[in-house]
Amino acid sequence: MNKNDVKNSNLLRKSLAHTRSLLLTKKIQQLSVTELISALNLSRSRFFRFFGNINIILELVISEELESSYALISRNLMTGRDNPHFVAELNLLRAIYLRKNRILYNYYSGLLSLPKRYATLVQAITAKEQQLYMHILSRQKHHTSNSYRPIRLLPLFQDKTIKQ
């Protein structure tokens with residue numbers, strides 16, 4: 001790795017940590033690029049040159065949170081050939097762990113009110129969660145069919161439906 005790669009790697013790590021800490025206290029639509037660049041001590045042009053837009057850094061943070069939550073789900077899931085309630089258990093653990101994670105809770109609870117500028121973020125996070133969900137399903141012998149179409153995950157909040 002050269003010096004520039006190390007600097008970029010450090011900037012990325014620092015950016016993810018600061019964004020994560022901001023998302024613990026704010027909803028996505030309340031977070032501004034100005035807050036991020038002041039927390040990171042970056043110029044506006046460097047932020048946009050490095051990330052392209054705010055959706056990229058949000059996607060990275062939310063994806064890491066999803067991966068972490070699905071790792072916990074996977075560890076706590078009772079696997080085995082004779083588990084007839086595997087999918088129900090998976091859905092229950094999904095609801096529990098995604099609600100326990102403050103960043104994911106804020107994301108999902110505000111999902112329907114996100115402005116259209118976050119459409120690519122929503123699509124990317126939906127695809128990421130479907131991939132993680134299907135990975136867990138594929139490990140279960142009863143659910144290793146190649147006939148799966150993209151799944152529609154149950155909404156986490158009963159009074160709201162997620163439009164995809």
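Modeller: Let's start with a term: a salt bridge is a side-chain nitrogen of Lys or Arg within 4 Å of a carboxyl oxygen of Asp or Glu. This is a predicted model, so local features need pLDDT of at least 70 and side-chain atom pairs count only at pLDDT 80 or more, while totals for chains, interfaces and linings use all residues. Residues are numbered from 1 along each chain as its sequence is written, and side-chain values use heavy atoms, with hydrogens and water left out.

Colleague: What makes the Glu64 and Arg20 pair a salt bridge?

Modeller: Their side chains come to 2.3 Å, N to O. The cut-off is within 4 Å, so the pair qualifies. Glu64 sits in helix H4 and Arg20 in helix H1, so the bridge ties together parts that are 44 residues apart in sequence.

Colleague: How do you know what counts as a helix?

Modeller: Helices are DSSP runs of H or I with at least four residues, strands are runs of E with at least two, and both are numbered from the N terminus. By that count the protein has 7 helices and 0 strands. H1 covers residues 3-23, and H4 covers residues 54-76.

Colleague: Why are Glu64 and Arg20 called partly exposed?

Modeller: Buried means under 20% relative accessible area, exposed means over 50%, and partly exposed is in between (1.4 Å probe, protein chains only). Glu64 comes out at 33%, so partly exposed it is. Arg20 has 21%, so it gets that label too.

Colleague: What makes the Glu67 and Lys128 pair a salt bridge?

Modeller: The N to O distance is 2.6 Å. The pair links distant parts of the chain, with Glu67 in helix H4 and Lys128 in helix H7, 61 residues apart. Glu67 is partly exposed because its relative accessibility is 38%, whereas Lys128, at 18%, counts as buried.

Colleague: How do you know that Glu129 and Arg94 are buried?

Modeller: Glu129 has 2% relative accessibility, so it counts as buried. Arg94 is at 3%, so it is buried as well. Salt bridges that share partners also join Arg20, Glu64 and Glu65 into one network.

Colleague: And how many salt bridges does the whole structure have?

Modeller: The search finds 5. One of them joins the side chains of Glu129 and Arg94 at 2.5 Å, N to O. Glu129 is in helix H7 and Arg94 in helix H5, so that pair ties together parts 35 residues apart in sequence.

Colleague: What makes Asn101 a cap for H6?

Modeller: One of its side-chain oxygens lies 3.0 Å from the backbone nitrogen of Ile103, at the N-terminal end of H6. A polar contact is a pair of N or O atoms within 3.5 Å; within protein, one must be able to donate a hydrogen and the other to accept it, and residues adjacent in sequence count only if both atoms are side-chain atoms. The 3.0 Å distance is within that limit. Asn101 itself lies in the loop between helix H5 (86-100) and helix H6 (102-109), and it counts as buried because its relative accessibility is 12%.

Colleague: Which residues does Asn101 touch?

Modeller: Leaving aside residues up to four places away in sequence, it touches Glu65 and Ser69. A contact means heavy atoms within 4.5 Å.

Colleague: Why is H6 called mostly covered?

Modeller: Of its 8 residues, 6 are buried: Ile103, Leu104, Asn106, Tyr107, Tyr108 and Ser109. Their cover includes H1, H4, H5 and helix H7 (119-139).

Colleague: What makes the phi of Asn41 stand out?

Modeller: It is near 60°, a positive value in a residue other than glycine. Most residues other than glycine have a negative phi. Asn41 is in the loop between helix H2 (33-40) and helix H3 (44-51), and it is exposed because its relative accessible area is 69%.

Colleague: How confident is the predictor overall?

Modeller: The average pLDDT, which is the predictor's confidence in each residue from 0 to 100, is 85, and 83% of the residues score at least 70. Over residues 144-148 it is below 50, and beyond near neighbours in sequence that stretch has 4 contacts in the model. Over residues 158-164 pLDDT also stays under 50, with 16 contacts beyond four places in sequence.
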